[in-house]
Structures are given as C-alpha cells and as structure tokens.
Amino acid sequence: DGMNVLFIVVDDLRPVLGSYGDKLVKSPNIDQLASQSMVFSNAYAQQAVCAPSRVSFLTGRRPDTTRLYDFYSYWRVHAGNYSTMPQYFKENGYMTLSVGKVFHPGVSSNYSDDYPYSWSIPPFHPSAEKYENDKTCRGKDGKLYANLVCPVNVTEMPGGTLPDIQSTEEAIRLLNIMKTNRQKFFLAVGYHKPHIPLRYPQEFLKLYPLENITLAPDPWVPKKLPSVAYNPWMDIRQRDDVQALNVSFPYGPLPDDFQRQIRQSYYAAVSYLDVQVGLLLNALDNVGLSNNTIVVFTADHGWSLGEHGEWAKYSNFDVATRVPLMFYVPGMTTSPVSQGARVFPYLDPFSHIGGSAPQGQSKKVVELVSVFPTLAELAGLQVPPACPETSFGVVLCTEGTSIVRYFNVSEEKAEEGKEGCDDTGRCFNEEPVAFSQYPRPADTPQWNSDKPKLKDIRIMGYSMRTIDYRYTVWVRFDPNNFSADFDDVHAGELYMMETDPNQDYNIYNNTSHGWLLKKILG
C-alpha cells in the first residue's frame, strides 16, 4: 500500500555536515540519517534565493518556466497552472501536510502556501515566527537588538520557544495522528535555521569555541571576479550588529573577528537544527513508521560564509547553490527494516562522539528540480513525463529527471561508463550537468543587486556545473518578454574544479570557449 514520505527542507543550509566531510560541525542526527540513505554530494539548487528555488523544486520546473526570479508572483497566475509535488501525491491518495517554511510564504504561494491545491489541510506556521526579526538579541550592554549573530536564552523568548522547536512539536503531533488513522501521508517539514538572523539557543555556542573557528579559505574578493557576479549581502548589512561596524559598500570586508563569530553562529544554528531533525526522526521510530516511510533531506540553497568576500546567498558560486540531498528508502538504501525497529535513536550533539559514513554516496551532479520525479518513482507513482521545450500550457511534467538510476551504481562502473544520461537529463558528452541562474539589475553591485524585482532585472547569469568545471555567462535579459540574449554577454566565469575547488581563479578570459557555448545552447 505504498510508502509514506517525510520531506525535510532546510532554509539556507549549505552541506556543512559531518556526513559531507565537514570536520568541525556536530550534526550526529543528520549524519545518522545519511548513514542509512543515498547521499548526493553534488546537488545544486536552480536559483540561490528562497522563493524561486522552492517554487522550482516543488513544481519540478526551472525558474525560466516558473518565471519567478523574485518574491512577487504566483506561478499559477503568472506562468502556468503547474502541478506541484505535494499536489501530485495528494491526487494519488496521500494526506499531504505542510509544517513550517515549505513554500515561501506570501504572494509567491498565493498567501496560502498553495493550499488547497498542494495540501490536504491548511499549512501550519509556528506562532513564534513573527518575532524572528524583532529585537530579541541581548547586546553586551544588556539592551535588545535585531542582530545577525543572536544566541538567545529560549526561556526569555516570546512564548518561551523558537519557530523550529514548534515545527518539530507539530510534525510529531501529526505523525501520531497519521499512525492512529493509518493514513498514508506526505509530510513536509520546513525548518527556518540556519537562515538569518542566526537566532538559536545559546548553549549551542559551547560546541564551537571561537579559537577553533577559522576564516573562509578565500575571504578575499577574487581579482578576476566580474563585478556583475558579486552579491553585496545587503540583508546582512541591515542587521544592528553589522550596521554598527560601518563596513564600506560593496566590497569592504567585515572585521576578521566578526567573520569568525558569524561562522561560529552558523555552525551553532546547524547543530540546533540537527537536534530538531533528531527529535523528528526519533518520533518516526516511536510511532513505528521508520520501516515504511521514505525520508528526503535537503535545503533550498546554500549560503556564503565569507568565501570570495561574500556572505548570504544570491550568487552562482557552489557555496550558494550547492545543497545537501539524501534519500532514506527502507529496504532499498538499507536492508529491509522490520516493523518497530529503531533506525533513528536520538543522538545528543553535546555528548555523541564519532561519525557515521553515508550508506551510499554519489558524486553525480544532480539538480533539485529532479527531486519531484525521483520521489514519485521511489514511492511507486507514475513518474511525471519530461516537459516539452515550451511547457507553459502543460499542467504535469518535469524539467528534472529521476535520479533513482544513480542509487545502486557502484562508483567504479560509473567512472568508466559515465552512464546516466538519457534524453530527459540535461547532459552533454554523457556527463550530467546542473544549471543555476541569478538575475542582476546592473553590471556593478548596487542596493538591489541581491534581490532585484522582475521589472528591474537587466542581466541573467546562467551557470552550469559539471564534475569538472563551473561555467557562467552573464547575458542581457529583458524582463518584459523574459528573453535572454546570449549574443550580448556582459561577463563570464570559468573555474576548473580540479585545480581551483574554491572557485577563486576565473579563467574565462584566457580560454577560447566558443565551442562550449555552442554545445550548451546546442
């Protein structure tokens, strides 16, 4: 009678996780999930900002098809009446439930998180969410501020709680109801942290003594970075603690000690998130559903932590576009799980020692737009068809491709054969590719470079990531007819992963790459 689905999506989480090889972070519960999952170490979002990315992977369409590059339109009205992943599960007999931030709230999901199309009951939002940007951070002077770095005493918070704690409690409550009703479910849980402000219970700081925190390996703005590619991190500058530093716009670096504090608090927020995920997965064990529930864990995009002199998302670099992506499928990524087995005992990050390696890991380059068809296949539903070239009128189709074919491939075979490209996958030379894009209002950084409104977009940076390189062209874009002119290239970037894994040395101008462009546009 089919598997349930628990879909966990985290806001602004780059893969700083033990299971992704990070040596500093303490993420035992997510790592335990990874140890029972198929883990994709090269997964990328289609646009590094919340609403466009979420609408993209929830519909299985790219931003050029959803026509959402900002926060201000609803795809069903503005682009096409596309079915969503939860809607597809709902139409196939699932009870679909949304907790926390799944769709981006506001007009981009019709002020209703796309209810009733996507969800069986109205989505749950934690009541403490409304205090997120209030002055709840105690400064050295004892006064309250709206800071970026914001460890708090939870008992002093409005309601004595935080949004992600409330979301976990609600998700657990729903799991218990689903268990009692024996109802097949698709439960999406959207966590807020580590999205800014970095507001989390202060005890998590203890896990990360400041003397252990380094700067980014490349905290400078690269010499050959085109100005159009740089994001000036406006949202960070507006926080009280950053404002007080009086940093020059757009490139002025943050003081080293403050960079360390941001990195420390990002890590602390990840460990706080890990506890929530641990409690949620432990509850799945407690209700006896770990043996017949698929668990997906991912994020809407990454977040720069000082690399390239940048913070926040809003760019095409790996640090902004790369996300964790893992699939737990009982009996497929694990040996068969018996009813009532403990797969996810809760692990306390303050006492747990030792990591766990992923069950299976694929280095294949994959895209979030492929999650919808992949999850459909894993759940035994018909996989939505590949979209035709223009699909505004097509209600159900996907621009991604199911990546289930990567689940059982031994790495050696994969290396030789470079298999895994069928007609639906975006590939050339039989090599999978991930496409991301980012809009800009101008060639040089200005106040709205991070989040231009549709009408102000003048340039679109189209970026492709293969296992070997990241290649980006910034081209003229007309927001009135959504057209990109690839003959009008404002700037380009090319980074070779083998010699330049951090993407610091742009060799676009010392290479002839007409061949590459011809291939891409094919």
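Author: Questions and answers on these topics follow.

This is a predicted model, where local features need pLDDT of at least 70, side-chain atom pairs count only at pLDDT 80 or more, and totals for chains, interfaces and linings use all residues. Residues are numbered from 1 along each chain as its sequence is written, and side-chain values use heavy atoms, with hydrogens and water left out.

Reader: How many disulfides does the count come to?

Author: A disulfide is a pair of cysteine sulfur atoms within 2.5 Å. Cys137 and Cys150 form one, S to S 2.2 Å. Cys387 and Cys397 form another, with sulfur atoms 2.0 Å apart. By this rule the count is two.

Reader: Which strands hold Cys137 and Cys150, and how many residues apart are the parts that the pair ties together?

Author: Strands (E, at least two residues) and helices (H or I, at least four) are DSSP runs, numbered from the N terminus. Cys137 lies in strand S4 (residues 137-138) and Cys150 in strand S6 (residues 149-152), so the pair ties together parts of the chain. Those parts, in S4 and S6, are apart in sequence by 13 residues.

Reader: Is the disulfide of Cys387 and Cys397 left-handed or right-handed?

Author: Cys387 and Cys397 both lie in the loop between helix H11 (371-378) and helix H12 (411-417). The torsion about their S-S bond is about 90°. The disulfide is therefore right-handed.

Reader: Is Cys397 buried or exposed?

Author: Buried means under 20% relative accessible area, exposed over 50%, and partly exposed in between (1.4 Å probe, protein chains only). Cys397 has 2% relative accessibility, so Cys397 counts as buried.

Reader: What are the edge strands of the open sheet of four strands?

Author: Two strands pair if DSSP finds at least two bridges between them. The order is S16-S17-S18-S19, with antiparallel pairing. Each edge strand pairs on one side only. The edges are strand S16 (434-440) and S19.

Reader: How many bridges pair S18 with S19?

Author: Strand S18 covers residues 469-478 and strand S19 residues 483-496. Phe477 stands opposite Ala484 in S19. The two strands run antiparallel, and their bridges number ten.

Reader: Which residue in the hairpin of S18 and S19 takes a positive phi?

Author: Four residues lie between the two strands.

Reader: What is the bridge partner of Ser463 in S18?

Author: Strand S17 (residues 459-465) runs antiparallel to S18. Seven bridges join S17 and S18. In S18, Ser463 has as its partner Thr472.

Reader: Which element supplies the largest share of the lining of the second largest pocket?

Author: On a 1 Å grid over the protein atoms alone, a pocket is an open set of points where a 1.4 Å probe fits, with protein on both sides within 12 Å along at least five of seven lines; lining residues have an atom within 4 Å of a point. The second largest pocket is lined by 32 residues, with Arg14, Val319, Arg322, Pro501 and Asn502 nearest its centre. Strand S2 (38-44), helix H9 (256-286) and helix H10 (318-321) each supply at least two lining residues. The largest share, three residues, comes from S2.
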